[in-house]
Amino acid sequence: MNKSRRSDRSTATLRGNEMKKLQLIALYASTMLLLATLAFGQGLEEKVREHTMKNGMKLLLVERHTSPTVAAWIRFKVGGVDERSDERGLAHMLEHMLFKGTTTLGTRDYAAEKPLLDKIEVTANLLLAEQLKRDKADPARLKELQKQLAELEAAAEKFVVKDEFFEIYARNGGANYNAFTSKDGTTYLIGLPANKLELWAAIESDRMQHAVLREFYTERSVVMEERRRSAEAEPEGKLWETFLATAFIEHPFRVPTIGWMSDIDNLTRTKAEAFLHKYYAPNNCIIAIVGDINPDQTIALVERYFGKIPPGTPVPPVAIAEPPQSGEKRLEVVGDAGAELLIGFHKPTLPAPDDYVFDVIDMLLADGRTSRLYKKLVVEQQLATEVSTFSAPGSRYPNLFILTATPRAPHTVQEVEAAIDAELERLKTEPVAARDLQQILNKLEFEEFRQMGSNGGLARNLTEYEAVAGSWRYLIDHRKKVAQVTPADVTRVAKTYFTRENRTVGFITRQEAKGQ
C-alpha cells in the first residue's frame, strides 16, 4: 500500500462504512424486488384465465383493475417460416393487407367495387404470365396490360375509404394500433378503454371473416420499396440477409421475412387470399386480453363474436431440418457504410435445456455496461462503439446465437473478432463465478417483471410464448430453469457450440477502402 493510501486511511474507512450501508440498501432493494417478482410470477399462474373455443381459438385473460383500459393482442401462429417457395413474403404482405378493410369497412360500395377487384386480378395474372416469359415477352402486350391494370386500379380507388380501421379506433380512444410479422408468426395489437372491448370484438371478428385485400398491387409496390430501402440500399441490411442465407442452406430461416424482391414481384392477390383463408383462422389464433375486464363476461363476448367462425387448416410443422454445419463460413459485403461484424453459431431453441444456458451467456456477455464484451471492447480496449448478442431469426426451430459489434475507427473487424473470440474462449476455460450467475438471475427477473408490468407487455409475452413454446407457462418455468444453470453448464455449452466449424462470420468493408 503506498503512502497516499496510508495517510487517507481514516477517510477510506469512513467511505467504506458508507459503501457498506449503500450496499446493504441496494441488497435490500434488490431482495424486495426479487420477492415481488417471484410473487408476481407465482401469482401469474392463478391470474391467467385460459379458455379454448370449439373452433380452436385460444383465449388468455388477465384481470387487472389498475386503469380502465385493456390491451388486446391477436397472434396468428403463421409466419415467414411457414411459406412455400412460391409464397415467400406472403405473411408480411398480409400484415399490410389486413389493414385494408372488409366487405363493410374500408369501402364506399363493396357491391360496385368487387367486379373491379375481380378484373384487376385477371389482368394482373395475365401481366405476370407475360412477364415470366422473360426475354420472350411481347413488349406491346406488356405495355397494354400495364395500362389496363393502372386504369382498373384507378377506378377501384374511388371506392376505397382509407385507414377506416385506424380512424374508428382513434375516435374511440384506441392507442398503439399496430401489427408485426416475424419468421414465427403475425400479431395485431391495440390498447383500448375497457368499455370499448365490444367494438374491438366486432371489428376484429369482421376482419377475420370478411377481409378484402383491396389495393393489393399498389401495396405490393409499397412493400417492394420498403425492401429497397431496408435491405437493398443499406449495406447493413444486405449484410444481415446475406448472413442468414449463408448460415442456413436448407431451412426457411435463410429467407428474409419480407421475401426476396423476385418473390414479392410474383405475389398475387389469389395466392394471398388462399394463404389467408387457409391459415388465418381461429384454430391458428391466440388472443390475449389484459386489463380492466370481467373474465366471464369477456369470454362470453369473444364467443359471441368469434365462436361461429369456422377453423382453417392447422399450420403444419416445417419438415426441413438444417443439417449440421461442417466448416466455418465467412462473407463480406462491400458498401458505403462503416465497418460492421456479425458472428453466428447454430444452437437449439426453446425449451431445450441448452437454450436456457444461452440466455445466461447472452446476459453475461452483452447485457448492460458491466457485461464482459461491453467492458472489454467498448470501455477498456475501445475497439468498438457497440456490441450486442441475441438469438435469431426465429424461435420455433433451432436458430443462431449472434454477436454483433461496430468497430471504432481506426480499429478493424479483425481486431474486434479476435477480442470476441478471446471472450468466448474464456467461457470455455474459466468457470463463471456463482455471484455472476446470481446477478444475471436478478437482472433477468427484474427485466421480466418490468416487461409484464404493462398490459401490453404481458399480452405480448402471453401470446408469444403460447405460440412459440407451446404454453404461456414458459414465462414461469423460464426463471426456474435459468436458476438451475451452473458454471459447468456454461463451460460445456461454450465448448460444444462456440467452435470454428459451427461459426458463420460476416462483415462490411467500406467501398473506398476496398478499392485502395
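How many nonpolar, polar and charged residues are in the lining of the second largest cavity? By class, that lining has eight nonpolar, no polar and two charged residues. Ala, Val, Leu, Ile, Met, Phe, Trp, Tyr, Cys and Pro count as nonpolar, Asp, Glu, Lys and Arg as charged, and the others, Gly among them, as polar.

This is a predicted model, in which local features need pLDDT of at least 70, side-chain atom pairs count only at pLDDT 80 or more, and totals for chains, interfaces and linings use all residues. Residues are numbered from 1 along each chain as its sequence is written, and side-chain values use heavy atoms, with hydrogens and water left out.

Stay with the second largest cavity. It holds about 90 Å³ of space. On a 1 Å grid over the protein atoms alone, a cavity is a set of points where a 1.4 Å probe fits but cannot get out; a pocket is an open set with protein on both sides within 12 Å along at least five of seven lines; lining residues have an atom within 4 Å of a point. Points are joined across faces, edges and corners, and a volume is the space filled by probe spheres set on them. Among the residues lining the second largest cavity are F76, Y188, R207 and Y280. Helix α7 gives the most to this lining, with three residues. Helices (H or I, at least four residues) and strands (E, at least two) are DSSP runs, numbered from the N terminus.

Ring pairs link F76, F99, Y169, Y177, Y188, F275, Y279 and Y280 into a cluster. Rings of Phe, Tyr and Trp (its six-membered ring) pair if their centres lie within 6.5 Å; planes under 30 degrees apart count as stacked, over 60 as edge-to-face and the rest as tilted. The charged end of R207 sits over the ring of F99, 5.4 Å from its centre. For such a contact, NZ of Lys or CZ of Arg is within 6 Å of the ring centre and within 35 degrees of the ring normal.

The structure holds 21 aromatic pairs. One is tilted: W200 and F306, 5.7 Å centre to centre, with 40 degrees between the planes. This pair links distant parts of the chain, with W200 in helix α7 (residues 197–210) and F306 in helix α12 (residues 295–306), 106 residues apart. Both W200 and F306 are buried, that is, under 20% relative accessible area, where exposed is over 50% and partly exposed in between (1.4 Å probe, protein chains only). The rings of F248 and F253 have centres 5.6 Å apart and planes at 70 degrees, so this pair is edge-to-face.

Now turn to strand β11 (residues 503–510). Seven of its eight residues are buried, so the strand is largely enclosed by the rest of the structure. Seven bridges join β11 to strand β7 (residues 329–335), and the two run parallel. Strand β8 (residues 340–347) pairs with β11 in the antiparallel sense over six bridges. Two strands pair if DSSP finds at least two bridges between them. T504 in β11 is the bridge partner of K329 and of G344.
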